[in-house]
Amino acid sequence: MPIITIILIVLALVALFFISEQRKFVFLSENIDNALANIEVNLNSRWDALKALASAVKSYSEHEFETLSAIIDKRSASAKSAAGVSEGEALLGSALSRINAVAESYPELKASELYTRTMDSINDYEGKVRVSRMVYNDSVTKLNRAVKMFPSSIVAGVLGINAKDYLVVDDNKKDMPNLEFR
């Protein structure tokens, strides 16, 4: 077999490997984008439920309604990055704290069916966000492994693909809440 044939076979195998790896990186990147989009959908649903809750608060406290509206207006409309998700989570936590404070001040609000249903839906979306965050971090793990492991790392370097950041849990959420009843 002439040396040219061997060189062509080796080059063809290298090209096939490169194409295969590039397709794998596209697949992994799309999984990350999909997981981030799912987080965004669930966060937006939580914000929509929060808007409904803010409207219920309006009949009890105009000032709190205006404060909540300001918080809702500040929120990032998009969670296109790990930092954006964290920023949105912090704003949402602030708004929920304010609503809970109003509900404690107005027991009839807390007892209303709208408040109860809306809080249930917010908690449901919280669970969905939690699952979406886990899917996102799993997808990032797979991409990061491929970026760092030889020989995929060579293709990643040539294509300019870098490791992605994980979504991290806020330090306040790491501690077990106090469940002690008074």
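This is a predicted model: local features need pLDDT of at least 70, side-chain atom pairs count only at pLDDT 80 or more; totals for chains, interfaces and linings use all residues.
The protein contains seven helices and zero strands. Read along the sequence, its pattern is therefore written α-α-α-α-α-α-α, with helices defined as runs of at least four residues. The chain has 182 residues, of which 35% count as buried. The protein exposes about 11,500 Å², and carbon and sulfur atoms supply 59% of that area. Among contacts with a separation of 6 or more, 74% are between residues 24 or more positions apart.

Helix 6 spans residues 152-159. Which of its residues are buried? They are Ser152, Val155 and Ala156. These residues lie on the same side of helix 6, because they cover an arc of only 100° around the axis. An α-helix has 3.6 residues a turn, so residues three or four places apart point the same way. On the face turned away from the buried side, helix 6 carries the exposed residues Gly157 and Val158. Just after the helix comes Gly160, which takes a positive phi of about 75°.

What do the buried residues of helix 6 pack against? Their partners are helix 1, residues 3-58, and helix 5, residues 113-148. Each of these two pairings may be considered in turn.

Helix 5 and helix 6 pack with their axes 5 Å apart, at an angle of about 95°. Helix 5 is therefore roughly perpendicular to helix 6, since angles of 65 to 115 degrees count as such. On the side of helix 5, the contact is made by Ala146, Val147 and Lys148, and on the side of helix 6 by Ser152, Ser153 and Ala156. The loop between the two helices includes Pro151. This proline has a relative accessible area of 33%, so Pro151 is classed as partly exposed. The C-alpha atoms of Pro151 and Phe18 are separated by 9.9 Å, although the two residues are 133 residues apart along the chain.

Helix 1 meets helix 6 at an angle of about 75°, with the axes 10 Å apart. The two helices are therefore also described as roughly perpendicular to each other. In helix 1, the residues involved are Phe17, Phe18, Glu21, Gln22, Lys24 and Phe25. Their counterparts in helix 6 are Ser152, Val155, Ala156, Val158 and Leu159.

At 7% relative accessibility, Thr118 counts as buried. Apart from neighbours within four places in sequence, Thr118 is in contact with Ala49 and Leu53.

Note on methods
Residues are numbered from 1 along each chain as its sequence is written. Side-chain values use heavy atoms; hydrogens and water are left out. Buried means under 20% relative accessible area, exposed over 50%, partly exposed in between (1.4 Å probe, protein chains only). Contact means heavy atoms within 4.5 Å. Accessible areas come from the Shrake-Rupley method with a 1.4 Å probe; for residues, only the protein chains shown count as cover. The arc is that of the directions from the helix axis to the C-beta atoms. Axes are lines fitted to C-alpha atoms, for helices over the stretch in contact, and angles run from 0 to 180 degrees between N-to-C directions. Angles under 35 degrees count as roughly parallel, over 145 as roughly antiparallel, 65 to 115 as roughly perpendicular and the rest as oblique.
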